[in-house]
Amino acid sequence: MDSGPTRDGPRANEHIRVPQVRLVDENGENVGVVTIEDARNRADNAGLDLVEVAPQADPPVCKILDYGKYKYEAQKRANEARKKQKVIEVKEIKMRPNIDQHDYDVKLRAINKFIGEGDKVKVTLRFRGREIAHQNLAFDLLNKVRNEVEEIAKVEQFPRMEGRQMIMILAPR
């Protein structure tokens, strides 16, 4: 005996294989527990389909309605829900330990913009050559960034070394 809905939606008409169902008619009124044959006959007389809306109930709940319209509206609801979701992206800002003040300001504006849009920001400091000997300057720079965006962002991952670069991840508050 099948227990759940099929891959492409709820079972309808001949695909419902239980002896009795709790029936809701086309006007939304509860008819009660009836045999599956009686439910199918009522649906045919109304010129509509018998659709299983709650297969996990005992007995399963079936409703008399237009199956094509039901599937269309379910798809429309799913599309609407998908439209309203915000996908959080991780934007990356790359800097160098000896960044100039104007360049720093430009990067900071970009960080503020990304966080304002609801995205996470990965701040990457790349070391070249002997710069790696001055990691304390990099920590100071990342702490300066953290302090300046403190009101709008929280640190999700504190500064840490990964190879020849130091990484910090900021997330919107």
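A residue counts as partly exposed when its relative accessible area lies between the limits for buried, under 20%, and exposed, over 50%. Glu89 has a relative accessible area of 42%, so this residue is partly exposed. The model considered here is predicted.

**Pair in helix H1**
- A salt bridge links Asp38 to Arg42, with 3.7 Å between the closest N and O atoms.
- Both residues belong to helix H1, which covers residues 36–46. Asp38 and Arg42 are four residues apart there, about one turn of the helix.
- Asp38 is partly exposed, because its relative accessibility is 29%. Arg42 has a relative accessibility of 35% and is therefore also partly exposed.

**Pair in helix H2**
- Lys83 and Glu80 form a salt bridge whose closest N and O atoms lie 3.7 Å apart.
- Helix H2, residues 67–84, holds both partners. The spacing between Lys83 and Glu80 is three residues, about one turn of the helix.
- Lys83 counts as exposed, because its relative accessibility is 65%, whereas Glu80 is partly exposed at 38%.

Definitions and conventions. Residues are numbered from 1 along each chain as its sequence is written. This is a predicted model: local features need pLDDT of at least 70, side-chain atom pairs count only at pLDDT 80 or more; totals for chains, interfaces and linings use all residues. Side-chain values use heavy atoms; hydrogens and water are left out. A salt bridge is a side-chain nitrogen of Lys or Arg within 4 Å of a carboxyl oxygen of Asp or Glu. Helices (H or I, at least four residues) and strands (E, at least two) are DSSP runs, numbered from the N terminus. Buried means under 20% relative accessible area, exposed over 50%, partly exposed in between (1.4 Å probe, protein chains only).
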